[in-house]
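Here is a friendly walk through a two-letter chain model, taken one topic at a time. Please keep the viewer open as you read.

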Amino acid sequence: MADMTVAEIRALITKHKRWDLIFATVGVLALMVGVLTFVALFAGMVMDGAHRLSWDFFVNFPSRRAENAGILSAWVGSTLVMLVTAVTAIPVGVAGAVYLEEYAPKNWMTDIIEINVTNLAGVPSIIYGLLALGLFVYKFGFGQSILSAGLTLALLILPVVIVATREAIRSIPGVIREGAYALGATKWQTTADHILPYSIPGILTGVIIGLARAIGETAPIITIGALTFIAVLPPAPFTGDPAAGPFDWLFAPFTVMPIQMFNWTSRPEAAFHQNAAAAGLVLVVMTLSMNALAIYIRYRLRKNIKW
Amino acid sequence: MLKLSRIALAALPAAFAGALCIAAPVAHAQLVKIDGSSTVFPITEAMAEDFQKSTKGKVKVTVGISGTGGGFKKFCRGETDISDASRPILKKEMDDCKAAGVQYIEMPVAYDALTVVIHRDNKWAQTLTVAQLKKMWEPSAQGNVKTWKQVNPAWPDQPMKLFGPGADSGTFDYFTEAVNGKAKSSRGDFTASEDDNVLVQGVSRDVNALGYFGYAYYLENQDKLQAVGIIGKEGAKAVLPSFDSVVNGSYQPLARPIFIYVNAKSLERPEVKDFVEFYMKNGDKLVREVKYVPLPAKAYTHNIESADKKVLGTKFGGENKIGLTIEQLMQLEAKL
């Protein structure tokens, strides 16, 4: 190397830098495929559906007249189903992951469980729907209700939550645990006071990815019997006559956003296709705002982590 | 940790409260559950919408689209009060209902005209005989009949592009039975879609295309497609699908009745009875509005009478009957 002239070294550097440029270009192009597709789809929906977005669209029930039709039952249904999903999937998923990471003995049983969890993430969603139809709808007798749908989607995103939580836990330096143990903390004290708070940002990311997938799912929800036309809302607790119990809404019939969209796109009238585009916009905005919320919470929590 | 629990504690009840507030105070209303065919859905949806308005929300009506077959499965388990059906109940489904002790009253509610459509610039196939349709669609045509010329030597030697609904659809069942003589017996090498709008797009983009679907989809897309006049019997005149040609029975064999099946036990509940009566009284107006062909007024009164007299069972004996006019339909006798 010593006999290389400055000019030769410069040439070598230029050559290597060219590869930098080439890769950067390829990377940008690859990124653009995704981004442009999304922008084009989004722009298409805005052009078709934006003029349908009004207050009425959100507070009206579906109707055979496209101009009167709204998404009230759909967005309330989606929100409630998501609530049930989050309330069940997050504790169960996080607890499962903590056990696997912190408590489980390293043996073949644990290996099998781990492999299964990872594989479950790849099972087609319709399979979860069929399972839920047999289990929740008939066996447990929950019927075609918000509860059944929420639990089905919770099962669906459970692997995602578990995998993300495990990744988050693994990224915590071992010295934190050792420090805690050295001071005499038990496993649970270590987990509750250190492991969980530090891994919250990562867990949240996984939860939101899971929920964002769940809110767009149609197949399993149709399988368990979501409805297409429903012009009533689930009963709010302690209202009505006689008053509804606090959990009556869990057993109410429902519909969700993707099903409402699907029904509208399959209508012959073009006006309904515009409704579907508008509903699509709302669904995308719902998903994006869920992501935004997660990013904000993650940012706030990260600021508090000091190690 | 403090921070974390505070956020969690604040977020959970807030989320719950938020979700609970938006749920409206209409608890414990009476409920009419309907499921079944997506073809019948627009009619039942219109009925449900107006009926709920007329009872000021006292009665809830929910309508699903599990398909005719899926709807009957739920119906025969007693899970639904009414089943939408784009074909009569089949033998197997009758047995299921009987086994579960579910008795029902069959009510035709409208006619749908299966419409054969071609591209607007297609000048040669504006009328077709059933025999020609059979030549295009029968199972043995698969891989053999590829050009228009093979159907009729006078037609262009151009590849024929066929579009039709998928095999799960009642429309497919009826068309194959009416044209090929046996339900579900069809060539398989055509572009199939459960979404009729896909068929509309396909046919409107290719001058050599031909497809079939329900009349409502044709009416909405008349600017993109033309309907084919159907010659039912050799030597007869070609008939275009229209409200009149369906009602007077000349658009045959592609006009089919569509039904609702009402659970006889549910009919004892006042809200179900009211809904069925509302359905029949507003049949003409609402069926027309959603672009199906209404039955004559006396057919709807006939249905109300069947409900009052509890005329149980089906008039079709567990199979599809092809080419029934409205008159013939009403004269059939119901059997369990």
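## Two lysines with positive phi

K310(B) lies in the loop between α13 and α14 (326-331) of chain B; helices here are DSSP runs of H or I with at least four residues, strands are runs of E with at least two, and both are numbered from the N terminus. Although K310(B) is not a glycine, its phi is positive, at about 55°. K310(B) counts as partly exposed because its relative accessibility is 31% (buried means under 20% relative accessible area, exposed over 50%, and partly exposed in between, with a 1.4 Å probe and protein chains only).

K184(B) is also a non-glycine residue with a positive phi, about 70°. Look for K184(B) in the loop between α7 (170-180) and β8 (191-192) of chain B; with 48% relative accessibility, K184(B) is partly exposed.

## About the model

This is a predicted model, in which local features need pLDDT of at least 70, side-chain atom pairs count only at pLDDT 80 or more, and totals for chains, interfaces and linings use all residues. Residues are numbered from 1 along each chain as its sequence is written, chains are lettered from A and ligands numbered from 1 in the order in which they are written, and side-chain values use heavy atoms, leaving out hydrogens and water.

## A sheet with strands from both chains

Which order do the seven strands of the open sheet follow? They run β1(A)-β2(B)-β1(B)-β3(B)-β12(B)-β4(B)-β13(B), with mixed pairing; two strands pair if DSSP finds at least two bridges between them. At the edges stand β1 (229-230) of chain A and β13 (293-294) of chain B, each with a single partner strand, so one side of each has no neighbour in the sheet.

Two bridges link β1(A) with β2 (residues 59-63) of chain B, and these strands run antiparallel. Here F229(A) is opposite V63(B) in β2(B). Helix α3 (residues 67-76) of chain B packs on the sheet and touches β1, β3, β4 and β12 of chain B, where contact means heavy atoms within 4.5 Å. The direction of α3 makes about 160° with that of β3(B); axes are lines fitted to C-alpha atoms, for helices over the stretch in contact, and angles run from 0 to 180 degrees between N-to-C directions.

## A cis bond and a helix residue

Q252(B) and P253(B) are joined by a cis peptide bond, with omega about 5°. P253(B) sits in the loop between α10 (243-247) and β12 of chain B.

A297(B) belongs to helix α13 (residues 297-309) of chain B. With a relative accessible area of 62%, A297(B) is exposed.
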